[in-house]
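Here's a quick briefing to read alongside the model.

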Amino acid sequence: ICSGDAVTLTASNCSSNMLWTPGNSTASSISVNPTATTTYRLACGTGTCVGTSDVTVTVSPKMQPTISASANTVCVGGSVILTANNCSSNYLWTPGNQTTQTISVSPTVSTDYTVKCGTGNCSGTATQAINITTVPSPSIIASAVTICSGDAVTLTASNCSSNILWTPGNSTASS
């Protein structure tokens, strides 16, 4: 079972005087949710005619993966490294069907990447969105292209709405 889950154990071939250990229950069925792998024993019968049967309930950790991304937003043509964390085995990424802990992706559109890891009911999933942004195509509008020595020209950024940097000068103004 997965950590935190319960399982029902039911006696068979035993009609009277049942005793489950640990727990000391005399019921024909018991529900258990051990925190670690535990062996349960059912004893049944009377006097010297007591039979026993053991069953071991193995507890596996429930995977609760997370994804770390080298970036959440990438330009068209760029790539991102995705790593599954808190997983022990059996990785499956979608889209892509890759089966390693770390993958490199180059999405062409904004995409949600999901990793599933672990086995059976103890597997878990996590999702990471990677957004695509387009590379800006800035242009410069000049008030003049030819000037006399000592005159000034105004340069204005066009098609560039943020994070402007003029060189030389290191100005961040739009003009």
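**Disulfides, cores and buried polar residues**

C14 and C44 are joined by a disulfide, S to S 2.2 Å (a disulfide here is a pair of cysteine sulfur atoms within 2.5 Å). Keep in mind that this is a predicted model, where local features need pLDDT of at least 70, side-chain atom pairs count only at pLDDT 80 or more, and totals for chains, interfaces and linings use all residues. Residues are numbered from 1 along each chain as its sequence is written, and side-chain values use heavy atoms, leaving out hydrogens and water.

- The C14–C44 pair links distant parts of the chain, with C14 in the loop between β1 and β2 (19–21) and C44 in strand β4 (residues 38–46), 30 residues apart; strands are DSSP runs (E, at least two residues), numbered from the N terminus.
- C14 and C44 are both buried (buried means under 20% relative accessible area, exposed over 50% and partly exposed in between, with a 1.4 Å probe and protein chains only).
- Searching the whole structure turns up three disulfides.
- C2 and C122 form one, with sulfur atoms 2.0 Å apart, and this link is left-handed at -115° about the S-S bond.
- C87 is bonded to C117 (S to S 2.0 Å), and that link is left-handed too, at -65°.
- C117 counts as buried because its relative accessibility is 0%.
- C49 is exposed, at 61% relative accessibility, whereas C75 is partly exposed at 36%.

**Nonpolar cores**

- The largest nonpolar core has 17 residues, and L82, W93 and V115 have the most contacts inside it (a nonpolar core is a set of buried Ala, Val, Leu, Ile, Met, Phe, Trp, Tyr and Cys residues joined through side-chain atoms within 4.5 Å).
- Two or more residues of this core come from each of β8, β10 (102–105), β11 (111–117) and β12.
- Apart from it there's another core, of eleven residues, including C14, W20, V32 and C44.

**Buried polar residues**

- Q128 sits in strand β12 (residues 124–133) and is buried at 15% relative accessibility.
- The Q128 side chain makes a polar contact with the side chain of N72 (3.0 Å); a polar contact is a pair of N or O atoms within 3.5 Å, where within protein one must be able to donate a hydrogen and the other to accept it, and residues adjacent in sequence count only if both atoms are side-chain atoms.
- T83, in strand β8 (residues 80–85), is buried at 18%, and its side chain makes a polar contact with that of T102 (3.3 Å).

Technical notes. Helix = DSSP H or I, 4+ residues; strand = E, 2+ residues; numbered from the N terminus.
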